[in-house]
Amino acid sequence: MQSETTTPAADSLEEQMQLNSTTVDEQEQCEHQGDSARKRKKGKTKMLSVHGSSERKLIIANENNQSVCPTKDVVAELGSFLGTLARNASLCPLDIFELRKMDTKEDLWAYTKEKYDIPDAAKKWTLDAIQAAWRRHKSNLKEHHFDAYANDEIRMQKRPEYIPASQFKDLLKY
């Protein structure tokens, strides 16, 4: 069970997750305006229902400490939630190039435990899933915001809003 009191660090983390998960994406601004040929494009998963909830969902791990139940929907939701953590610039900064060198791993695990009732044995699996999502995120950034433009000046102008300029500059240097 989760206690009613939270630490100030947990409160600020919760606020940061809400801010990062409510960033408006250009693709999401495309609204259906009566033209049947123009469709609203789907944006990144935000998982507002999990980030904003105080209810913890139960996760059961198998013998390999992978989450398997209680239902496939909860496991899929957990996977999407871990992907949102990987895209969070506060928890998974882009200017660090290896997750094992990242000092926020314990914060990632603590925040996951705050939102899900997950066994401690699943910590490695959880961090591995976050690492895989983080690498996919960085790969997508490279494809859509580095390879797509000719020089760093244009790349900085086209920088995604949810990525701090300092981290994006370091990523461009790399």
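Predicted model: local features only at pLDDT ≥ 70, side-chain atom pairs only at ≥ 80, totals over all residues.
**Exercise 1.** Which residues of α3 are buried?

*Solution.* The cut-off for buried is under 20% relative accessible area. In α3, the residues that count as buried are Val74, Glu77, Leu78, Phe81, Leu82, Gly83, Thr84, Leu85 and Ala86. For the protein as a whole, 33% of its 174 residues are buried.

**Exercise 2.** Place Ile60 in the secondary structure, classify its accessibility and name the surface patch it belongs to.

*Solution.* Ile60 lies in strand β2, which covers residues 60-61. Its relative accessibility is 36%. Partly exposed lies between under 20% (buried) and over 50% (exposed), so Ile60 is partly exposed. Together with Leu58 and Val68, Ile60 forms a nonpolar surface patch with about 230 Å² of accessible area.

**Exercise 3.** Describe the overall arrangement: how many helices and strands are there, and in what pattern do they follow along the sequence?

*Solution.* The protein has seven helices and four strands. Along the sequence they follow the pattern α-α-β-β-β-α-α-β-α-α-α. Among contacts with a separation of 6 or more, 60% join residues 24 or more positions apart. The accessible surface is about 11,000 Å², and carbon and sulfur atoms hold 49% of this surface.

How values were computed. Residues numbered from 1 in each chain as written. Heavy atoms only, no water. Patch = residues over 30% accessible without salt bridge, like charges linked within 9 Å, V, L, I, M, F, W, Y side chains within 5 Å. Areas by Shrake-Rupley, 256 points an atom, 1.4 Å probe, with all protein chains shown as cover. Salt bridge = Lys/Arg side-chain N within 4 Å of Asp/Glu carboxyl O. Helix = DSSP H or I, 4+ residues; strand = E, 2+ residues; numbered from the N terminus. Buried < 20%, exposed > 50% of the residue type's maximum accessible area, 1.4 Å probe, protein only. Contact = heavy atoms within 4.5 Å.
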